[in-house]
Amino acid sequence: MEQEMIYQTRALIDFLSTILGDQYEIVFHVITEEEVYIDSIINGNISGRNKDSPLTKFALDLIDSKAYLDKDYVVNYKTITQRNKQLQGSTFFIKNQDSELLGMICFNLDLNDF
């Protein structure tokens, strides 16, 4: 993923976090041929993750299954954190014009206060 796109995506997730509030964790994953990593994470306290954390099994399964070839996003799935918190997740796939996966933005809503 080009640095310009990474910069713009960071600004986008910062904007979205302001709108959505503290009950949403937003994770920006960058995917290259060499590595897959968390570039940015907002409200990581919800899941206990940070930029150095590995991808979740669900995120890795999305990549391995190539779900991004059939759809642009996956919404409203349930997940449990290592701290036993229930979250409702949604993932948006960032792709190039050839449908190659460049990154993902994951939104995790903390359902524990509802």
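Guide: Helices (H or I, at least four residues) and strands (E, at least two) are DSSP runs, numbered from the N terminus. The model is predicted, so local features need pLDDT of at least 70, side-chain atom pairs count only at pLDDT 80 or more, and totals for chains, interfaces and linings use all residues. Residues are numbered from 1 along each chain as its sequence is written, and side-chain values use heavy atoms, without hydrogens and water.

Visitor: How many salt bridges does the count come to?

Guide: Side chains of opposite charge can pair when their charged atoms come close. A salt bridge here is a side-chain nitrogen of Lys or Arg within 4 Å of a carboxyl oxygen of Asp or Glu. By this rule, the number of salt bridges is five.

Visitor: Which residue meets arginine 10 in a salt bridge?

Guide: Arginine 10 belongs to helix 1, and its partner lies 29 residues away in strand 2 (residues 36–42), a distant part of the chain. The N to O distance is 2.7 Å, and the partner is aspartate 39.

Visitor: Is aspartate 39 buried or exposed?

Guide: Residues are buried under 20% relative accessible area, exposed over 50%, and partly exposed in between (1.4 Å probe, protein chains only). Arginine 10, at 35%, is partly exposed. Aspartate 39 has a relative accessibility of 6%, and therefore counts as buried.

Visitor: How many residues apart in sequence are the parts tied together by glutamate 25 and arginine 49?

Guide: The side chains of glutamate 25 and arginine 49 form a salt bridge of 2.8 Å, N to O. Glutamate 25 is in strand 1 (residues 24–31), whereas arginine 49 is in the loop between strand 2 and helix 2, so the pair ties together parts of the chain whose separation in sequence is 24 residues.

Visitor: By about how much of the helix are aspartate 61 and lysine 57 separated?

Guide: Aspartate 61 lies in helix 2 (residues 57–65). The side chains of aspartate 61 and lysine 57 meet in a salt bridge of 2.9 Å, N to O. Because the two are four residues apart in helix 2, their separation is about one helical turn.

Visitor: Is lysine 57 buried or exposed?

Guide: Aspartate 61 is partly exposed, at 36% relative accessible area. Lysine 57 has a relative accessible area of 62%, so lysine 57 is exposed.
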